[in-house]
Amino acid sequence: MLTPPILPMLAKAQNDIPRGDGWLYEPKWDGFRAIVFVGGDQIHIGSRKGQPLQRYFPELLPHITAALDQPCVVDGEIVVPSAKGLDFDALQQRIHPAASRVAMLAEATPAHLILFDILALGERDLRDERLDTRRETLEQVLRGNDSIALTPQTDDADTAQMWFTRYEGAGLDGVVAKRADQRYRSDQRVMIKVKHLRTVDCVVGGYRVHKDGKGVGSLLLGLYTEDAVLHFVGHTSSFDAAERRALLDRLRPLEGGTSYGEGRTPGGPSRWTGSKDLSWVPLRPELVCEVQFDHLQGTRFRHASRLLRWRPDKAPSACTFDQLEPPAPFDLADVLATEAASG
């Protein structure tokens, strides 16, 4: 049987859902990718980078044993559902060094495992078999329960488009498209992911210097609450050398002031950032820019946003949180019970 670590097969981003014969579509789950090795009572859960995760999700282990009673290796996503959809904040909190904290969170915010591929069954390596064949094998092997489920899948692009729109409120990232004849290729971007992208006008409340010390590394973005307090919501970066220097010249006259002094400020070092230099320079909140982002984590951008344009026509005070009205919530069970397999 295959042994850990095995890195998962990856996806590359695309703006539109691909159409045509030979495509299979699945919801894109918002959680931790997991390669699960099942061998009797021995279970190993590997992260996207191959690191062990099983100690952080002890409540999943008996459910995995019950759902997969044959030695196998499966691919899926660990998620934490809530009344408002998938809760990535709660999921992140599950990675904690203290065993007592892990035990408490396992009871307070139990995780679920959504499966979408199988890499091995017993001594049989399935990675060179077609995706649609692997899916049939997984359907035959899996005995789902309240905590372990099989992801919906369809071969109809219109159904996938409906999922993309309808289930955003469940916290799903978008849609993943895969070729039916695709072999499993670890650490290769051979699938397609289509993610939700939105735009918002933000105030530039500060910046961080680039790691080479020459110019701006990232702009620190903020939005106002109803009581006119500016809160940090994320950053935008990926500037080339000339842009970094030009930005610094533009921002220097605005240095100083309270910026995020009264609201949420850019974070400092944590167990996620290590010793990375996270010092920042506050600015008078006078510049407005429009950025594109993919996902909110609470009231912040999960990932770096993309700078689209400057908005000299918009007043900073008009950059408020009401631009980020969330989609209507959907329950995890509603997604899993959807009209999934149409091919």
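D69 is partly exposed in this predicted model, with a relative accessible area of 46%. The side chain of D69 meets that of R143 in a salt bridge, 3.0 Å from N to O. The two residues come from distant parts of the chain, 74 residues apart: D69 is in the loop between α1 (60–67) and β5 (72–79), and R143 is in the loop between α4 (131–141) and β10 (148–150). R143 counts as partly exposed too, because its relative accessibility is 45%.

K178 forms a salt bridge with E26, and the closest N and O atoms are 2.9 Å apart. K178 lies in strand β11 (residues 174–179) and E26 in strand β2 (residues 23–28), 152 residues apart. Buried or exposed, these two? Both K178 and E26 are buried.

Then R309 and E290, also a salt bridge, with the closest N and O atoms 2.5 Å apart. R309 sits in strand β20 (residues 306–310) and E290 in strand β17 (residues 288–293), 19 residues apart. R309 is partly exposed at 44% relative accessibility, whereas E290 is at 13% and so counts as buried.

There is also a salt-bridge network, linking D201, R311, D313 and K314. The total count is 20 salt bridges.

D227 is exposed, at 57% relative accessible area.

Last, the overall fold. The protein has seven helices and 20 strands. Its radius of gyration is 22 Å, close to the 20 Å that the globule rule gives for 343 residues, so the protein is as compact as a globular protein of that length. Of the 343 residues, 49% count as buried.

Definitions and conventions
Residues numbered from 1 in each chain as written. Predicted model: local features only at pLDDT ≥ 70, side-chain atom pairs only at ≥ 80, totals over all residues. Heavy atoms only, no water. Buried < 20%, exposed > 50% of the residue type's maximum accessible area, 1.4 Å probe, protein only. Helix = DSSP H or I, 4+ residues; strand = E, 2+ residues; numbered from the N terminus. Rg over C-alpha atoms; globule rule 2.2 N^0.38 Å. Salt bridge = Lys/Arg side-chain N within 4 Å of Asp/Glu carboxyl O.
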